[in-house]
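Please look at the sequence and the structure first, and then work through each task before reading its solution.

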Amino acid sequence: MIYQFWYVISYAFAEWLEWQDAKSWAKEYHPGWLYLARKSKHKEVRQIYRDKILNAYRGYDDVRFTE
């Protein structure tokens, strides 16, 4: 039980750290995407651009606009 709890907490923390790094990266390379990911009024738009930032930050090849 404790190990399961620790795994969930550490996984959430690792995701949060990756998002912080990706935001810093996007600030320089894709500031428009970052603005939309953080300030859009629509949750769906925020999620789409958050995913685009993370994919580009991770170096995935297919970061074209597919939506």
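**Exercise 1.** In this predicted model, describe how the axes of α2 and helix α3 (residues 43-58) are arranged, and state which residues bring these helices into contact.

*Solution.* Begin with the axes: those of α2 and α3 come within 7 Å, and they cross at roughly 135 degrees. As for its hand, α2 passes α3 in a left-handed crossing. Next come the residues, where Trp33, Leu34, Leu36, Ala37 and Arg38 of α2 meet Arg46, Tyr49, Arg50, Lys52, Ile53 and Ala56 of α3. Sorted by class, the residues of this contact comprise seven nonpolar, four charged and no polar ones.

**Exercise 2.** Carry out the corresponding analysis for α1 and α2.

*Solution.* The axes of α1 and α2 come within 6 Å and cross at roughly 135 degrees, which means that α1 is oblique to α2. On the α1 side the contact is made by Trp19, Lys23, Ala26, Lys27, Glu28 and Tyr29, and on the α2 side by Pro31, Leu34, Ala37 and Arg38. In this contact of α1 with α2, six residues are nonpolar, four are charged and none is polar.

**Exercise 3.** Which elements of the protein chain have the lowest and the highest mean pLDDT?

*Solution.* Start from the whole protein chain, which averages a pLDDT of 90, with 90% of the residues scoring at least 70. Then compare the elements: helix α1 (residues 2-29) has the lowest mean, 94, while helix α2 (residues 31-39) has the highest, 96.

How values were computed
Residues numbered from 1 in each chain as written. Predicted model: local features only at pLDDT ≥ 70, side-chain atom pairs only at ≥ 80, totals over all residues. Heavy atoms only, no water. pLDDT = per-residue confidence, 0-100. Helix = DSSP H or I, 4+ residues; strand = E, 2+ residues; numbered from the N terminus. Axes fitted to C-alpha atoms, helices over the stretch in contact; angles between N-to-C directions. Left-handed = near helix turned anticlockwise from the far one by under 90°. Contact = heavy atoms within 4.5 Å. Nonpolar A, V, L, I, M, F, W, Y, C, P; charged D, E, K, R; others polar. Parallel < 35°, antiparallel > 145°, perpendicular 65-115°, else oblique.
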